[in-house]
Each structure stands twice: as structure tokens, then as C-alpha cells.
Amino acid sequence: MAKKSFVEIDIIKTVNNVIEEAIGQYVSDIHIEPLTSEIIVRYRVDGILNIVARFDAKFYDQILSRIKIMSGLETTGLSRPQEGNLKFTAGEKNVDLRVSIFPTNLGENVVIRILESSESFENLSDIGYMPEQVKIVESVISKPFGLILVTGPNGSGKSTTLFNILNKLNNSEKSLATLEDPVERKVEMMRQTQINPEIGLTFAAGLRFLLRQDPDIIMVGEIRDKETARIAVESAVTGHLVLATIHTNNAAGAIVRLINMGVEPFLLSTALKFVSSQRLARINCPSCRNSYTPALELLKIAGLPKNMDFFHSTGCPDCNHRGVKGRLGIHEVLVINKAIQDLILSKPSDKQINILAREQGVQSLRQVALDRVKQGLITIEEALRLTE
């Protein structure tokens, strides 16, 4: 949106315009931040923040109050962290927004997360899975029980992957339940529960109670502790399909992490069916993409030949001169077969698991990312930045 001069503004119209334009530009997060003499608005697109508007600091209280009212938050003036949700209509689109308010030394900072609708979760290939990986995932989720893990750092698209899978499983013949922190995407036919530790509703407690609700499929937003890990694994062994995220650098690391949390290897080897590790790569803008020659040092690190075609984008109006447009998931897909099961029983290191996985043809995150380089979708710099 165009930068505003410090003149009188219509608060309601201004806030609506900030949100509406963000939705139109495929922004993931809107940051509204108070500075000493002004307010800045930044949009995060494809992982990168850019300033899109500035307003005089005198409008701060009015803008903040308007956002709080829209999202059902307290407007008493007490500066404290708050979270809220709202539905926003932009043209013919109804979009769910999550609002986070956090106090700083200059005032309350606002971050608005723009959430994908359930219609966004249609094809695994749309979020970056290779054709052969799609077949593996679809085969695994067709089974009635077991533990499915999605791992990666914050902002790597783990929730999007889980909801894509849940969407495929969601029908009137199955009971689906989720435990989330927070509930971001509202989906028909799913019983979704917000974790609230203040009243004792942790992931572990929620999972215990959910098991009495006759679920077929359970999604746990994150496995953070030993108790949650134990209940999730036991649930997967006793006839439930359990999907969860966990924070590790790669698929092998998820196995080691659960064992270190105290999960018995013999239970884990039986329960675990599949681990997907992932990152989000910035895609070359197709409108300004052209060939280039990467530094020899990068080629050596990647193990790629000099005579290969490499592409990057230099920036154009279509990508707001950023050189990237959109993001693509890079996935490592590890199926827990008999050989991996036997290895889990010995409490292996992630290095031992990785050696066996590569022997069986499982591509690492680095190898998958380099395949995308060969396809011209991402730069070699992006592939190396994201992967070990």
C-alpha cells in the first residue's frame, strides 16, 4: 500500500485498508509497531518484512483500540499480552486472522497473522511434496493407526502440512479431534480445542481426556514434554492415528528426541510410521528469472557441476523487486520400515539413522533442495541456506 503522509486519517478505513491490501498481496503477517514519533506497518511476504506505511504517533491509540475491538480484546488501557481472532471479508473472500498484542517500551506491538482457509489444503504437491513423496504419505495415512510426525523449525510450514493431511482424512465416517496452541484454522467436522495451561488444559491433559471422546484421528499441535510424548505413542499403538509436530532439525532427530524424552524404544518402533522434516524455500520469481553462474565455492559445497544451468531472479514489479515470489516446501520423508524399527530398538544416534536412511534411498533435505535448484525453482544459495 502507498505510504501515508502525517495528516488526519479515517481510522476504521485505514485499518481495513491495511488488512485488505495485505490479503491481496499474500502477506503472512502484518506488523503494526509504535516508534518514538511514528507508527510503521510492515508486511511479511515470503518470509521477508518490508515497511509499507507510516503514520503519525498521535494515531497510535486509535489504531490500537480499533484492532482490539475488531478482535474482541480488552480495551481498558492495561498494557498486557493478549491474543484474539477475527473474520475479515475482503471482496468475496472470508479470511481468518489471529491477532497478537504485546507490550513494549514504546507501546503495544500488534502482529496479525493471516491464516489460510481450509480450501488451501488440497494437494500435497501444492505445498512442495515430490510425486514419489506424495505416494508415500498417502499410503501411510491410509492406515487406521500409528504416529505421524512433522518436524522443523518455527515458520517452516508444519501446521500447513498437518492440516493438508487432516483435510484428506476428514469425512463423516471418522471422528477427528485436535489440540492446538492456538486454534488458527477452523475446519468443519473437526473438534478443535485450544490449549490453556492456566486451567490445567495442557497437551498431555487434553490428550488424556480426548481419548475418552472416541476419536479415530487426533492431531497434537506439538509434543513438548515426556508425558505428551508417552500418551501420543501409547494412543498410536492402541488403535488411533495420531499426528503431531516436534521441533528437531531433521527426521532422524525426531526419533532421537522422543527416546531422550523417555519413550520406550520398543513402543516407539511399533507406533511410529512416518516422519516428515521440512523447510520453506523462497521461489525464484518466474517473471524475472534468468541464468547466472554461482560462486565456485558454493558449487563445491553443493557437489554440483559447473556446466549445469543455474537460475536466479533479479527483481521486477511482479515480485516487488525482491527477486522471489512465493515459497515451496522442501521435505525429507522417512518411512519407518522394518530396518528402521530394528535400529530404533538399539537407541541409535541421528547419524546412525541417517546412514541407514540414505542406504535405503531416502533423500536428505539438502538433496531435495538441490533437486529444486536443478529444476530452476530456487537458487543454490537458498538451498544451502536452508539445509545442513
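A word first: the model is predicted.

Let's start with strand β6, residues 107-114. Six of its eight residues are buried. So β6 is largely enclosed by the rest of the structure. Buried here means under 20% relative accessible area.

Which strands pair with β6? Strand β1 does, and that is residues 29-34. The pairing is antiparallel, over four bridges. To find the spot on screen, look for I30, which stands opposite I112 in β6.

Strand β5 pairs with β6 too, and β5 covers residues 93-104. This pairing is also antiparallel. It runs over eight bridges. Here the pair to look for is I101, opposite V110 in β6. And how does the chain get from β5 to β6? Through a hairpin, with two residues joining the strands.

Now the helices. Find α5 at residues 203-210 and α6 at residues 226-237. Their axes are 8 Å apart. The packing angle is about 25°. Angles under 35 degrees count as roughly parallel, and α5 and α6 are therefore roughly parallel to each other. The crossing of α5 past α6 is left-handed.

Which residues meet there? From α5, we have F203, A204, L207 and R208. From α6, we have E227, T228, I231 and A232. By type, the residues of this contact split into five nonpolar, one polar and two charged.

To recap. β6 is largely enclosed, with six of eight residues buried. β1 pairs with β6 in the antiparallel sense, and so does β5. α5 and α6 pack at about 25°.

Conventions:
Residues are numbered from 1 along each chain as its sequence is written. This is a predicted model: local features need pLDDT of at least 70, side-chain atom pairs count only at pLDDT 80 or more; totals for chains, interfaces and linings use all residues. Side-chain values use heavy atoms; hydrogens and water are left out. Axes are lines fitted to C-alpha atoms, for helices over the stretch in contact, and angles run from 0 to 180 degrees between N-to-C directions. Angles under 35 degrees count as roughly parallel, over 145 as roughly antiparallel, 65 to 115 as roughly perpendicular and the rest as oblique. A crossing is left-handed if the near helix is turned anticlockwise from the far one by less than a right angle, and right-handed if clockwise. Contact means heavy atoms within 4.5 Å. Ala, Val, Leu, Ile, Met, Phe, Trp, Tyr, Cys and Pro count as nonpolar, Asp, Glu, Lys and Arg as charged, and the others, Gly among them, as polar. Buried means under 20% relative accessible area, exposed over 50%, partly exposed in between (1.4 Å probe, protein chains only). Two strands pair if DSSP finds at least two bridges between them.
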